[in-house]
Structures are given as structure tokens and as C-alpha cells.
Amino acid sequence: MYNIWGDNLKNYIADYKNNRLSKHQIVSRSKEKSDSLNTEFKKIFKAELKKVNLGYDVDFKMNLTSVVLLDKVKNDTIFSAGKKELRLFGEDFEDKNAKTINNAKWFSEQEFVEKIKDEIKINTFDLEVKTENKIVIKDWKSIVYKRMAFLFFASVLIFLIVIGLLYYAIKNLITQKKITAIKTDFINNITHELKTPLATLSIASKSLKKEEIKNNEVIFNSTLNIVDRQNERLQKLIDQVMTNSLSSREIILNKEQVIDNEYFKNLIDDFKLSVQQQDVTIVNKVCSAEVLLRIDKFHFTTALLNILENAVKYGSASIKITIETKHINGEYCINITDNGIGIPEKNLPLIFDKFYRVTEGNLHNVKGLGLGLYYTNQIIKAHNGSIALHSQLHKGTTFTIKTPIN
């Protein structure tokens, strides 16, 4: 189509050389010819654009920028666009949003018949035609915004993933650090716990070798009793560590029926005997109405004693412990309250964790392995019960145990 238009332009130039057309007429007729071809041109363009499948609509136009007759003496400008181009093909749109994709220039040497003073001659002219191709992307801002939005959300997603991975890594690092600290703390504590009976055993065993000890039956038997007690103490420490490796599902219970009043009376009497050298007052508020409990007496007693021993370990100068029971809706509730130093609020969620102790560092004012309350929690769970605590710093602690009556 461009070639058809070009051939017509050459004919118009030939008429111009014979003074049959003016420059304005050349431009006008060229525009009419391009308009007549443009309808078919746009159909073909849209069909080809559809094949490419860009994903967005594009408008195209070809502008005529200049038509110049070249001469050795002086060039003759037929058309010069200046600030306003002449559209040949494509859509008519404003150039402010358009993008120039290429500039084209073609030359042609054309023969034409020229009549000079009744004489007909065949002459030639050199023609230079310049065109400019432009496109505009329809609704390009929306396309850019959509692509930017996709990149933005993709970037945000990647950023969140990176933050999530960083958080996960830091959390794992902190957890590992805490586990390492707990392990170190446990090793230091158990080393401290084992040192005392081992040292006593060492002294006692060396004493048994002395002749004056061998010859004195009373001292000899007393030393043997020390060896037995320290050996028993070591055995209990080892059993405590091994037993606390079990979860609530792994604890085997041998349940039996006990009367609550009698059970708690014996428990309190035995505990008073073990702390008789300390200023400990135990208030018995066990419900007067008898209730039959089905529990593993050994394990359940161990769980309660762990709580009572902690109340003494972390108690004030004058220790007061209150044991109160009640039964509501098929549940037996035990409240053990002390007037001790209490537990900081930040430590409450961790109090039943294995090896966890509120006091930090290698040296502890109170001896222990951080296993008592963990084991207590496992025993209560094995009885299908629950344990909770409420504590205020310097105001004491209350443990609440709930177990099914039947």
C-alpha cells in the first residue's frame, strides 16, 4: 500500500514538473490517496496485531515528514511537516503520548515526459521521501500500574517470607540457646546434688578402714548407716532423673480406692515429720464429707509432696501451707496455698517444663534438678486431671489440682 501511494506521488511530481499541479495539490491528493488505502491498511494491521498477541492494544500511524526534489543546483521542497506531520496510514491520535519507533527515508529516480516549447523530452527527477512511524499503547498507565502492583506484591511476599524465615531462624536460635542453658544448668545442678553424697560416702568408706572405727561397734554401725543413707540418696537421685524421662502416657498407674480424709491426714502427718526442724505450719481444710478417690497412691503422693516440698524450699522465715479440698460436679479439687516468695508472672508458663527452675545461673540458693513440678504435672495428667497455679511475687503461690472422682 505504501508502494501504491509512492507510485501515485511520483505521478503527481511529474505533473508538478509540467506545471499541471501545485505543491499544495500534490499534498492534498497524496492525502486523499492515503485515506482511500487506510481503511484496508487498518484491517490488515489489526489482524497482524492479533496474531502477535501482545496482551494490550496498540495504535499505529505513519506520518509523512518531508518530500524533496533533489537538484544539483537547488533542492525543491514539495512538503515539509515542521511541527505538524501529515498522517498517511494508521489511526489518528495525538503525538504527545506516542512513541517514535523508527524513521524511514527512501530515494527514487523517476523518468517523466516534459514538454518544453512544443518539444517533448524524457527527463528524470530525484525524489527523497521521509516518513516517521509512531505507536501509542492504549491505557498504558493501567498496564504499568498492574505490572508494578504485581512486582510490588511479589516483593512484599518475598520480603515477608524472608522476615518469616529470619524470625524462624532467630526463634530456633533462642530456643537452642535456652535448651543449652537448661542443659548446662541441669548438669551443674545434678553435679552439685551428687557431690554431697559422694563426698560423704568417700569419707565414710575411708573411716571404715581405720582400726579404731573397726574396734568400736557403735561408731562402726553408725558409719555403715551413713553409707546406707547416702547410697539410698544417690539411688533416689538417679531414679528421679530416670522416672522424669517418662511422659504422662508412659506412667503405669496401679489405682486403688482411698478415703480422702484419711489419705490427707496421713500425708500431712508424714510431711510434718520430715520438716519438724523447720518453722512450718500446715492448715488442714480437707472437706469433712468423706469422698472415695481412685488414685495411684504412690505416684499421687509423690506429686503432692513435690508441691509441699517446694513450698518449704521457697518459703519465708515462717512457713504456712494450707491444704483445702472440695468436690464439684464429679471433680475433686485440691488447693495447696503457701506464703512463700512467689513466682514472677513471666516464669509462670514455664514452671511445669522439664529441668526448668526460676532461679538462673550455676549456683542455686535452693537445691533441686528442676524435675519435681514436671513430674507432678505428668502424674496428674496420667490421672486424667489438670493442674494450674496462681502466684504473686512476695505474696505466695496456690496450686490447684482437679481430678475425676470416679
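**Exercise 1.** In which helix do Asp35 and Lys31 lie, and how many residues apart are they?

*Solution.* The structure is a predicted model.
Step 1. Locate the two residues: Asp35 and Lys31 both belong to helix H2. They are separated by 4 residues, which is about one turn of the helix.
Step 2. Consider the side chains. Side chains of opposite charge can pair when their charged atoms come close. Asp35 and Lys31 form a salt bridge, with their closest N and O atoms 2.7 Å apart.
Step 3. Classify the exposure of Asp35. Asp35 has a relative accessibility of 33%, so Asp35 counts as partly exposed.

**Exercise 2.** Describe how strand E1 (residues 58-70) pairs with strand E3, strand E5 and strand E2.

*Solution.* 
Step 1. Take each partner in turn. E1 runs antiparallel to E3 and is joined to E3 by 4 bridges; Lys61 has Gly90 in E3 as its bridge partner. E1 is joined to E5 (residues 119-137) by 12 bridges, again antiparallel, and Val68 has Glu128 in E5 as its partner. E1 and E2 pair in the antiparallel sense over 4 bridges, where Leu69 stands opposite Asp76.
Step 2. Examine burial. In E1, 12 of the 13 residues are buried, so the strand is largely enclosed by the rest of the structure. In E3 (residues 86-90), 5 of the 5 residues are buried, so E3 too is largely enclosed.

**Exercise 3.** Which strands stand at the edges of the sheet that contains E7 and E11, and how does helix H7 lie across this sheet?

*Solution.* 
Step 1. Write the strand order: the open sheet has 5 strands, E7-E9-E10-E12-E11, with mixed pairing.
Step 2. Identify the edges. Strands E7 (280-285) and E11 (386-392) each have a single partner strand, so one side of each is left without a neighbour in the sheet.
Step 3. Inspect one pair inside the order. E10 (residues 331-338) and E12 (residues 396-404) are antiparallel over 8 bridges, and Asp338 has Thr397 in E12 as its bridge partner.
Step 4. Place the helix. H7 lies across E7, E9, E10, E11 and E12, and runs at about 145° to E9.

**Exercise 4.** Describe the packing of helix H7 against helix H8.

*Solution.* 
Step 1. State the geometry: the axes of H7 (residues 297-313) and H8 (residues 372-382) come within 9 Å and cross at roughly 145°. The crossing is left-handed.
Step 2. Name contact residues. Those in H7 include Phe300, Ala303 and Ile307, and those in H8 include Leu373, Tyr375 and Ile379.
Step 3. Classify the contact: it has 7 nonpolar, 6 polar and no charged residues.

Conventions:
Residues are numbered from 1 along each chain as its sequence is written. This is a predicted model: local features need pLDDT of at least 70, side-chain atom pairs count only at pLDDT 80 or more; totals for chains, interfaces and linings use all residues. Side-chain values use heavy atoms; hydrogens and water are left out. Axes are lines fitted to C-alpha atoms, for helices over the stretch in contact, and angles run from 0 to 180 degrees between N-to-C directions. A crossing is left-handed if the near helix is turned anticlockwise from the far one by less than a right angle, and right-handed if clockwise. Contact means heavy atoms within 4.5 Å. Ala, Val, Leu, Ile, Met, Phe, Trp, Tyr, Cys and Pro count as nonpolar, Asp, Glu, Lys and Arg as charged, and the others, Gly among them, as polar. Two strands pair if DSSP finds at least two bridges between them. A salt bridge is a side-chain nitrogen of Lys or Arg within 4 Å of a carboxyl oxygen of Asp or Glu. Buried means under 20% relative accessible area, exposed over 50%, partly exposed in between (1.4 Å probe, protein chains only).
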